[in-house]
Amino acid sequence: MSDITKQSLSELVENIKSKKLSSSEVTKAFVERSEKSKELNAYITEDYTNALSKAKKFDEKPNLDLKLPGIPMAVKDLFCTRDLRTTAGSKILNNFVPTYESTVTQNIWNEGAILMGKLNCDEFAMGSSNETSFFGNVQNPIDKNLVPGGSSGGSSSAVAAQLTPITIGTDTGGSIRQPASFTGTVGLKPTYGSCSRYGIVAFASSLDQAGPMAQNVKDCALLQEVISTYDEKDSTSIDFKRNEYSKELTKDIKGKKIGIPKEYRVDGMPKEIEDLWKKGIEYAKDCGAQIIDISLPHTNYALPTYYIVAPAEASSNLARYDGVKYGFRAEGENLIDMYEKTRSEGFGAEVQRRIMIGTYVLSSGYYDAYYLKAQKVRKLIKNDFDDVYKKVDAILTPSTPSSAFKIGEKTNDPVSMYLNDIFTVPVNLAGLPGISIPAGHDAKGYPLGLQIIGKAFDEQNILNIAYAMEEKINFKNNITDWWIK
Amino acid sequence: MSIDLKTIKHISKLSRISVDEKKAEKLAGDLNSIFDFIEKLNELKTDNVEPLTSVAETTLKLRSDEVKSKNLRDQVIKNSPNENEDYFVVPKVIE
């Protein structure tokens with residue numbers, strides 16, 4: 001089979017299970033394609049030799065009962081992988097080799113998958129374009145001048161370009177859904193507490209969640225089923241009954257009530273996005289869903305709230321990078337000087353900016369005015385969702401306020417970069433699940449996504465709605481392999 | 001509200017990130033535009049709203065207080081930029 005890398009995860013699993021393909025053949029195909037795709041800069045660290053030898057080992061004694069039998073996979077470089085460098089896209093962790101494995105990746109390897117390498121991302125997942133990475137920006141396979149979104153930009157680029165059959169990202173304010181939308185792929189941010197945060201480099205602990213990024217909804221459901229487990233190593237992991245999402249997946253969404261929030265019609269929203277949303281509403285109706293107009297009155301306050309809460313938590317989480325216990329160290333005249341130089345040279349500009357914002361809003365005299373205020377508004381935002389979920393089963397919105405933008409277009413204006421996450425951030429603040437599915441193209445031919453937001457722990461429902469709509473939308477990505485040498 | 005250079009120097013000290021004059025000026029500009037945007041929250045009255053500290057409405061599970069991992073000294077020290085046997089080495093802190 002010459003077109004192995006064109007197959008979806010579900011097809012590959014089936015072909016390995018029926019012995020039409022071996023793990024070695026599949027792994028070799030994705031390694032070769034990844035090697036020819038260096039121009040995209042999707043990888044930070046490659047582990048191809050180990051991947052090929054693991055595949056060979058798998059084939060010697062294949063366990064075909066596993067959910068991901070011998071499937072090669074590259075993952076975002078925010079997940080700690082034992083004995084393989086984990087950088088979080090930062091100079092300060094440039095030489096960090098974890099001695100332990102994140103729970104989410106361990107779950108994946110336990111089901112038979114094989115690690116191919118670590119994918120590029122914004123530094124400490126702080127960014128919406130992958131341009132803050134110490135390891136350079138990533139190209140969107142749709143067009144060489146476009147960002148792939150962020151922070152999981154290496155992941156979205158690698159899935160869209162078929163360098164890996166599927167991957168995982170993390171989403172603190174939109175970092176899975178926005179890059180999925182920019183690359184014509186599917187990305188799910190699960191309910192807070194669904195996937196363990198153990199072994200994921202922390203950004204903002206009350207918002208961070210890991211989730212799958214895939215070429216289609218079914219693959220996404222399968223990976224979610226693997227990574228979502230209760231974990232006593234994460235004190236915010238929640239012990240609830242998890243579905244076998246891929247097995248229980250259905251296109252029957254007849255009678256489901258889908259809310260359309262009027263506040264998401266933001267000023268200056270491009271007509272293309274408005275049209276896409278209208279089209280999405282028609283698709284949902286065609287699937288038998290009932291459309292209900294709803295109001296989430298505090299939507300406009302979500303981004304300012306996020307830009308207090310997330311930097312505050314980040315400033316606290318990133319205090320650990322002091323040049324003493326691990327990571328980069330700059331020499332200094334004394335201990336304090338060493339700390340200050342290490343952090344000044346080790347962190348990039350955006351990370352320093354966010355640490356400074358966070359430090360300021362938590363500092364004496366400002367805590368009540370900013371941090372406490374933000375926590376109160378966060379409550380109002382969550383209440384909005386609680387209220388509407390008395391009337392609807394899910395909410396449909398655009399994923400992003402625009403299609404992918406050009407590399408360098410927004411780097412000098414932090415606020416315009418932050419506005420990218422306007423539709424995704426409220427979901428993180430309320431701890432809800434949200435999925436972005438590709439739903440159309442703009443006039444330039446760039447992909448656009450729609451977001452389906454669910455009730456807490458109701459991943460199955462939004463996966464079902466996405467699955468039903470995916471069939472109606474019948475999206476095709478315009479990728480020409482221009483980067484292959 | 002305006003964040004001046006003096007405030008930037010103060011935050012940089014609290015953050016343990018050294019900043020020179022040029023960087024301080026750039027940061028002041030960026031932070032001012034970000035805080036202009038954040039000020040929007042003041043439109044809302046929140047006197048009687050309970051702050052949300054966690055979206056997960058569960059109580060922490062109790063577990064027995066037992067040591068489960070074995071001696072991890074070598075693992076803990078493995079990534080240190082400078083170590084000496086069992087210790088992390090830092091610049092001299094006492095005269």
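Axes here are lines fitted to C-alpha atoms, for helices over the stretch in contact, and angles run from 0 to 180 degrees between N-to-C directions. Keep that in hand for the first stop. The model is predicted. For the complex, the predictor gives an ipTM of 0.95 and a pTM of 0.97.

**Stop 1**

Pick E2(A) and strand E3 (residues 114–119) of chain A. Five bridges join them in the parallel sense. For one opposite pair, select Pro72(A) and Ile114(A), the latter in E3(A).

**Stop 1: the eight-stranded sheet of chain A**

Move on to the next open sheet. Eight strands of chain A line up as E4-E6-E5-E10-E11-E9-E7-E8, and the pairing is mixed. Which strands stand at the edges? Strand E4 (167–171) and strand E8 (290–294) of chain A do. Each has a single partner strand, so one side of each is left without a neighbour in the sheet. Neighbouring strands here are turned by 30° against each other on average, direction ignored.

Select Gly187(A). It stands opposite Met213(A) in E6(A), and also opposite Ser436(A) in E10(A). E5 (residues 186–189) and E6 (residues 209–214) of chain A are antiparallel, with two bridges. E5(A) and E10(A) also run antiparallel, joined by three bridges.

Stay on E10(A). Six of its eight residues are buried, so to speak of cover, the strand is mostly covered. E10(A) and E11(A) pair in the antiparallel sense over seven bridges. His441(A) has Pro447(A) in E11(A) as its bridge partner. Five residues lie between the strands of this hairpin. Zoom in on Gly445(A) there: its phi is positive, near 90°.

Next, select helix H8 of chain A, residues 271–286. H8(A) lies across E7, E8, E9, E10 and E11 of chain A. It runs at about 150° to E9(A).

**Stop 2: where chain A touches chain B**

Show both chains. In contact are 52 residues of chain A and 39 residues of chain B. On the chain A side, the elements that give two or more residues are helix H9 (302–317), helix H10 (335–346), helix H11 (349–362), helix H12 (367–388) and helix H13 (414–418). Which of them gives the most? H12(A) does, with 10 residues. Colour this side of chain A by residue type: 24 are nonpolar, 16 polar and 12 charged.

**Stop 3: helix H1 of chain B**

Colour chain B by pLDDT. The average is 91, and 99% of the residues score at least 70. Among its elements, strand E1 (residues 83–84) has the lowest mean, 80, and helix H1 (residues 5–15) the highest, 96.

Select H1(B). Its buried residues are Ile8(B), Ile11(B), Ser12(B) and Ser15(B). Look down the helix axis. The buried residues fall within an arc of 100°, so they line one face of H1(B). Their cover includes H9 and H11 of chain A, together with helix H2 (21–38) of chain B.

Methods. Residues numbered from 1 in each chain as written. Chains lettered and ligands numbered in written order. Predicted model: local features only at pLDDT ≥ 70, side-chain atom pairs only at ≥ 80, totals over all residues. Contact = placed C-beta atoms within 7 Å. Helix = DSSP H or I, 4+ residues; strand = E, 2+ residues; numbered from the N terminus. Nonpolar A, V, L, I, M, F, W, Y, C, P; charged D, E, K, R; others polar. pLDDT = per-residue confidence, 0-100. Pairing = 2+ DSSP bridges. Buried ≥ 20, exposed ≤ 12 C-beta atoms within 10 Å, placed from the backbone. Arc of directions from axis to C-beta.
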